[in-house]
Each structure stands twice: as C-alpha cells, then as structure tokens.
Amino acid sequence: MPNNVFVEGNSSAHSVVDRLMIEAMNDLEIGGAPVTAIQDSNQLKKAVTQPISSTKAVSNKTSLETLNDTYYQHLISASDFDFNLEYRPTDSSRIIAIPKPFPLKSYTGINHLNRFFEKLYELEQSKKAKVRIAYYGDSMIDGDLIVQDFRSALQNRFGGLGVGFVPIQSESARSRYSVKHYTLGNWKEDNFMKGSADSIPYGINGAVFFPVDATARVHYVASGIKNAYQLNSPRLFYGSGNKDAVLKVTEEKDNSATYILLNGTQSFNSVPISTNNLRKIQLDFSNAQNTPIYGMDFSNHTGIAVDGFSNRGNSGLPLSLLNISQMQKFDQSLSYDLIILQFGANVLTRKSKNYNWYYNRMTQVVHHLKQAFPEADVLILGTADKGTKLDDIVKTDSSVVKLLRSQQQYALKTQSSFISLFHLMGGVNTMPIWSDQKLANKDFTHFSPQGSRKIGGMIYEELMNGYSAFAKARIQQNMLQQKADSLYIKAVNDSISYLRRP
C-alpha cells in the first residue's frame, strides 16, 4: 500500500468548465474571494435528519421552520470513512460485488420536501393533477442519462407521458435516446456557460436560440423509451421579436403544413403546435431573425413531467444568471414543484483545501432559484464517488468528501433536502467496482448508460422512501381528522336532541 493514497495534482486541469467556475478558482488563487467560515455541527441550528413521523409534519398550519421532530447530528466528515478500505471477491469468480447503499446518518432535510410530497399525494389520490420537476445537472445527466430513468420510474407510479422540455439544440441531441432532435440551417445560440447575462434573458435551460435566416429548421423524433413513445402535446416557447415571424409546422410525413404567426409581445410566450401526440415533427422558421426561441415542451396534461437541463462543464454557478422575472414567467406556464440540482463533477479539484468558496456561491444560487420558482422545493444531490489512480490502484479522490460536506451544508443553509449519491453507490472506493462491472466509464467519474439507469432508480427509491413516510403520516392525519369530524357531528346532534326534549 503506498504511503500517500491520493494524487496531489489537479486532475481537473484539462476539463472544460463554465466561465464562472474559472473566475471563482482564479479568485481563490489570488485570495480575492471572500469566504464565510462554515460552522461545525454543534453550532448549527436544528437539522432535520428523519423521515416525517407525525401528523404534525404534514399539517398545513405547521411551518417548515418550527417543526420539532428534529435532532442534532454531525455533518459528513472525512473521519466517517476508511479510505484504505479494500473490497474482495466473495466467490471464485473474482468479481467484486457492488457494495450496498448505506444510510446517510446526518442532515437530509427531508421535511423540506413537504410541499412536493403533498402534490404527489394529491396526484396519487386524484390521478388528475400534474406535478413538474426541473432537474439541473452537468455532464453526468448529458443526453438525459439518469433523468430519463428517474422520470420513467415516477411516471410508472404516478402517471404522465412525455419527455418534458427539449431545447432547440444541445450537445448530445443526436445521441439522446429519450428523444432525437437536430437542427438544419443557420442558428445562433447564447448560453449562460459563457458567464454573462445578455440583453435577451436566457431560457429555463440557460440558453436562447435565434434563427439566422429562413434556412433555420429543427426536427424532433420520439424514441422507444417507455412513457415517451410520442411527442405529447407539443408547445413552443419563444420571446418577443419580429412581428412577422412565421413558424411552419409539418407533422409526421404529411405533405400539408400548418403556419403559426409568432407575434407574441411578451418576453415569454407559448403556443401549442399541435393537438395531436406525434411521432415526428418539423419546425421551419421564417422572418424570425430577432425572435428568441427557447425550446419545446412535450408532456401530458396530467401526471409527472421531468425536464432535464444538462450542460457539460457546469459547476452549478451559472444558474445565478437565470433572470428571476423571466423564470417566474416560465414557472407560471410550467408550474414547478421540485428543483433538483446535481453538480460536483466539475468542482472536484484538489487546488482547494476546502470548498467554503463553493458553499458560499451555491448558497446564493439556491436562494436565487427559490426566488425564481417560489412554489418549488429544492433537492440537492451530493456528488458521486470519483476515482483517482496511484500506483495502479484506484481510490476515492481526496476531494470527494470535502465537496460532499460542502453540498450538504448549503442544503442545510438554504432549507433544501439532500441525498448523497456517494452513499447510494456504497461509499469509499466504489467507483472502480462500478467501472469494472461496466456501470461507470474508465474516467472513474461518469456513469455508463447501464450505471445511469441504476443510479436513476436509486434516486427514485430514496425519494420514494421519504414520500412513503409522508403518505403514511398523511393517511393517519386524515383518519384522525375524520374521527374528530365524526365526534364533532355526534356532539352537535346530541346537543340538538337534548334541546328538543320536552
């Protein structure tokens, strides 16, 4: 065993990251980034660490800030883990079994999903409501990986069809399995990964697209993934631009086309493209050079919708560039109930002795998103394991637990919920095992399609564990309320009977 398990170099030096991340790291190097000391667990206010266990937790009259079913627990620390842990084959096959997930015995903030769980409960009871989730992430969810399986699992249980919001262009458009889309002709894109907010506000996915001329065209083709066999209830989102802008819509292989005038006057406009659920659709834009085009929504009118927003190299910091007013307009149309943030792969750099600077900036990002989507709860997904090779041995990167702790702390600070992917994977030194079993790539960072399917299912199961506790308490509350109502009615009837006595 080598004396030093970890490489002290910067494994992220050649990664493409967003401009805000680069600026933050430059500030860190020159000492120009003010940081706020992160408090230890004995200084923190009460941290919710248990599933909802009482009817009080789901009462509409009980605020999240005054819940009493809480207790103190330490936050994630490097001392919690044995970094020299070795896994051995359990039989003669020499295949090492994937370690089982282990429970997070510190802050989870599960009570901060009460509003979201209430919406799920209403949907489960009525089958008529709609619950929508925005899932933001980096290259870990590129091409709808993880998200598509998380979405399908929710739709299998609660209903719903479609892949949700799809941009005009994306880095993985042609390789995305849940829906194929590609552009032809001339387009211009502005994206928040550049690190500056332009005069035209970005769309919900951090991008805005402009047709350069009449050659601008986009195709969408539904895939064979479950619950997304069609392009459900297609809607276009666009901004104010040329009053003579026209959209030509060609459905399936029809020779005929529909023409729609894109003359909306607001910074956010939406228009239904078709009343049909389609397999293919082609959009051609003319006279639309100055018209911001944001993307399409393909989702059913009831059930679950999950929008996956991925950007390679995204640290999460560019989300601060989303215009609050514009996001609120998107939210009025889409009505988000949950915001999921999965970042960290691009932040794992050993240039940082700690991640206080990231804690500070991401705390601001989450507060920013809560203003943009005031009715939505927030779930932070802590980083997955990342392997670093030294002397032909792959071990957990030294920065993983530091970053994980930082993510847990800004979840606590912003009253957000927290799930650790590191724990779901099995903890220390699990990434090389996932890689050996074709569940992760040989970069020991990204999941393979098979691994993405597995981790998406794990996130779903972890979320449903919290929901099950909520639903159980909700049912108990209903029973108690029904009993109280029954006793009240009986008391009223008894009083009336007594007063009517001769």
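**View 1. Phe192 and Tyr202 are both buried, that is, under 20% relative accessible area with a 1.4 Å probe and protein chains only.** The model is predicted: local features need pLDDT of at least 70, side-chain atom pairs count only at pLDDT 80 or more, and totals for chains, interfaces and linings use all residues. Residues are numbered from 1 along each chain as its sequence is written, and side-chain values use heavy atoms, leaving out hydrogens and water. Phe192 and Tyr202 form an edge-to-face aromatic pair, 6.2 Å centre to centre with 70° between the planes; rings of Phe, Tyr and Trp (its six-membered ring) pair if their centres lie within 6.5 Å, and planes over 60 degrees apart count as edge-to-face.

**View 2. Phe237 and Phe330 form an edge-to-face pair, 5.9 Å centre to centre and 75° between the planes.** Phe237 lies in strand 7 and Phe330 in helix 4, so the pair ties together parts that are 93 residues apart in sequence. Helices (H or I, at least four residues) and strands (E, at least two) are DSSP runs, numbered from the N terminus. Ring pairs also link Phe237 and Phe330 into a cluster with Tyr136, Phe165, Phe268, Tyr294 and Phe309.

**View 3. Ala384 occupies the loop between strand 15 (377–382) and strand 16 (387–390).** Ala384 counts as buried because its relative accessibility is 6%. Phe422 is 38 residues from Ala384 in sequence, yet their C-alpha atoms are 4.3 Å apart. Not counting residues up to four places away in sequence, Ala384 touches residues including Met140, Val400 and Phe447, a contact being heavy atoms within 4.5 Å.

Methods:
Buried < 20%, exposed > 50% of the residue type's maximum accessible area, 1.4 Å probe, protein only. Phe/Tyr/Trp six-rings, centres within 6.5 Å; stacked < 30°, edge-to-face > 60°.
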